[in-house]
Amino acid sequence: MLWTPDAPPDGGMFSAGEIVEVEGRPGEWELMKPGPGPGVWTVESARLEDRVSAKVSVSSLQRLADAPHIRRGDLVMQRYPEQERAAVVGAVVRLGQWVAVKSYTLSDGGVCQALDSVDRLEVVTAEQLAAAIRLDVVHGTHVGRIVQAVVTARAGQFRVVCRCAPGAGEICRNGRKVTWCPSLDSAHQLWDWHVSGHAVGSVA
């Protein structure tokens, strides 16, 4: 479930999940929820372990010049067009660089947690994921998939993979370059070309 922040007590100047500095307190702090009372935020120390909570005034909050663009509750995907799995951010901390603690559900229902550099993550929506086309395609001994990219400049384009192709299984026509198809029809055409026996898939 995505985390839904309460309304801020400062007219929208700050928002829940933002990481800031707090005047008179060392380290970096995550804004957790407004209140209690007007002009007050509840904050937690932005670190992996031994987090402490405090209540501070809005006037003591200072923005970070390098504040991360990812925050708690965001649905994120690694910034590679081949990515299909999204995860929910549980926390963001600085470990030399900004790192997100993210979790996702496995096929068996279990939950996996992982750390990932914020620079490699892009915020997506559940609607984007639900709309992305994922088609299984089979022809004789060929078993493959047509998959639509969700992020990067390739968003909306399609790649075609087949188990008979080595490595990542991308089907392509131009040597080792992955063929991205601009439409579902062109992806089906690439699949048909592949299974007709005119080509052997090659690794990207």
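## Strand S6 and its partners

Val 76 lies opposite Val 123, a residue of strand S10. This pairing belongs to a predicted model, in which strand S6 (residues 75-78) and S10 run antiparallel and are joined by three bridges.

## The five-stranded sheet

These strands are part of an open sheet of five, with the order S9-S8-S7-S6-S10 and antiparallel pairing. Strand S9 (111-117) and strand S10 (121-123) stand at the edges; each has a single partner strand, so one side of each is left without a neighbour in the sheet. On average, neighbouring strands of this sheet are turned by 40° against each other, direction ignored.

## Ala 86

Ala 86 is placed in the loop between S6 and strand S7 (87-95). Is Ala 86 buried or exposed? Its relative accessible area is 17%, and because buried means under 20%, Ala 86 counts as buried.

With neighbours within four places in sequence left aside, Ala 86 is in contact with Leu 75, Val 76, Met 77, Tyr 104, Val 124 and Leu 129. Between Ala 86 and Glu 122 the C-alpha to C-alpha distance is 9.6 Å, while the two are 36 residues apart in sequence.

In soluble globular proteins, nonpolar side chains tend to be buried together. The largest nonpolar core of this model has 12 residues: Phe 14, Ala 16, Val 20, Val 22, Trp 29, Leu 31, Trp 41, Val 43, Ala 54, Val 56, Val 58 and Leu 61. Two or more residues of this core come from each of strand S1 (19-22), strand S2 (25-34), strand S3 (40-45) and strand S4 (53-57).

Val 43 is one of the core residues. Not counting residues up to four places away in sequence, Val 43 touches Trp 29, Glu 30, Leu 31, Met 32, Val 52, Ser 53, Ala 54 and Val 56.

## Charges over aromatic rings

Arg 25 lies over the face of Trp 29, 5.8 Å from the ring centre. The charged end of Arg 63 sits over the ring of Phe 14, at 4.5 Å from its centre. The count of aromatic pairs, by contrast, comes to zero.

## The three-stranded sheet

A further open sheet is formed by three strands in the order S11-S12-S13, with antiparallel pairing. Strand S11 (134-139) and strand S13 (158-162) are at the edges, each with a single partner strand, so one side of each lacks a neighbour in the sheet. The twist from one strand to the next averages 20°.

Six bridges pair S11 with strand S12 (residues 142-148) in the antiparallel sense, and Val 138 stands opposite Val 143 in S12. The loop between S11 and S12 holds Gly 140, which counts as exposed at 69% relative accessibility. Gly 140 and Val 195 are 55 residues apart in sequence and 8.4 Å apart in space, C-alpha to C-alpha.

Methods:
Residues numbered from 1 in each chain as written. Predicted model: local features only at pLDDT ≥ 70, side-chain atom pairs only at ≥ 80, totals over all residues. Heavy atoms only, no water. Pairing = 2+ DSSP bridges. Helix = DSSP H or I, 4+ residues; strand = E, 2+ residues; numbered from the N terminus. Axes fitted to C-alpha atoms, helices over the stretch in contact; angles between N-to-C directions. Buried < 20%, exposed > 50% of the residue type's maximum accessible area, 1.4 Å probe, protein only. Contact = heavy atoms within 4.5 Å. Core = buried A, V, L, I, M, F, W, Y, C linked by side-chain atoms within 4.5 Å. Phe/Tyr/Trp six-rings, centres within 6.5 Å; stacked < 30°, edge-to-face > 60°. Lys NZ or Arg CZ within 6 Å of the ring centre and 35° of its normal.
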